[in-house]
Amino acid sequence: MLQDVRLAIIVNPDLPPGHLANTIAAVSIGMGAAMPALGARQLTDRRQATIDISADRPVPVLQADSRTIGALLAKALPRQDGRVIVAFPSFARALHSYADYEATFPGRDLGEETIDGLGLVGEDRWIKSLTGSLKLLR
């Protein structure tokens with residue numbers, strides 16, 4: 001199954017550089033945690049220096065405005081087996097602990113929230129259907 005798995009991260013290019021980097025990092029952590037087989041390996045060089053790999057396939061970072069990202073999230077849901085959906089809602093940035101985020105989340109409606117970033121992992125066809133028209137972040 002993993003050979004047919006594609007990844008994509010979609011972010012709002014209008015975010016300040018620090019927020020952009022933080023959004024990509026947080027979404028990436030969520031994607032890897034949800035599907036560790038994508039990177040849970042090590043490589044050792046000829047001098048026996050061993051590192052953990054970053055990913056075993058490309059991770060394109062695409063751009064879209066928040067409205068488009070929200071629409072993509074709505075199309076991606078509901079979540080199905082074999083698919084990973086990691087959203088970074090803008091309100092999360094104002095909270096300073098995960099406990100606050102977890103407590104606040106059930107009272108929110110992601111369909112009404114600004115979404116700064118979205119990570120998707122799933123079958124090639126599904127990812128392409130959602131992101132095929134998006135441009136790479138430059």
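Biologist: What makes you call S6 largely enclosed by the rest of the structure?

Modeller: Of the 9 residues of S6, 8 are buried, so the strand is largely enclosed by the rest of the structure. Do keep in mind that this is a predicted model.

Biologist: Which residues is Asp-116 in contact with, leaving aside its neighbours within four places in sequence?

Modeller: Among them are Ile-10, Val-11, Asn-12, Ser-66, Phe-88 and Arg-93.

Biologist: What makes the pair of side chains of Asp-116 and Arg-93 a polar contact?

Modeller: The distance given for the two side chains is 3.1 Å, and the cut-off for such a pair of N or O atoms is 3.5 Å. The pair therefore falls within the limit and is listed as a polar contact.

Biologist: Let's turn to the pairing. How do you know that S5 and S6 pair, and in which sense do they run?

Modeller: Pairing needs at least two bridges, and 6 bridges join S5 to S6, so the two strands pair. They run antiparallel. Ala-87 stands opposite Leu-118 in S6, and Val-121 in S6 is the bridge partner of Val-84.

Biologist: And how many bridges are there between S1 and S6?

Modeller: S1 and S6 pair over 7 bridges, in the antiparallel sense. Here Ile-10 stands opposite Leu-118.

Biologist: What makes the pairing in the sheet mixed?

Modeller: The 5 strands form an open sheet in the order S5-S6-S1-S4-S7, with mixed pairing. S5 and S6 run antiparallel, whereas S1 and S4 run parallel, joined by 3 bridges. Val-11 has Gln-63 in S4 as its bridge partner. H2 packs on the sheet, touching S1, S5 and S6, and its direction makes about 35 degrees with that of S6.

Biologist: Why is S5 called largely enclosed by the rest of the structure?

Modeller: Because 5 of the 6 residues of S5 are buried.

Biologist: One last topic, helix H4. Which residues of H4 are buried?

Modeller: In H4, residues 124-131, the buried residues are Trp-126, Ile-127, Leu-130 and Thr-131. They cover an arc of only 105 degrees around the axis, which means that they lie on the same side of H4. On the other side, Arg-125 and Ser-129 are exposed.

Biologist: What do the buried residues of H4 pack against?

Modeller: They pack against strands S1, S4, S5 and S6, and against H2.

Methods: Residues numbered from 1 in each chain as written. Predicted model: local features only at pLDDT ≥ 70, side-chain atom pairs only at ≥ 80, totals over all residues. Heavy atoms only, no water. Buried < 20%, exposed > 50% of the residue type's maximum accessible area, 1.4 Å probe, protein only. Helix = DSSP H or I, 4+ residues; strand = E, 2+ residues; numbered from the N terminus. Arc of directions from axis to C-beta. Contact = heavy atoms within 4.5 Å. Polar contact = N/O pair within 3.5 Å; in protein donor to acceptor, adjacent residues only side chain to side chain. Axes fitted to C-alpha atoms, helices over the stretch in contact; angles between N-to-C directions.
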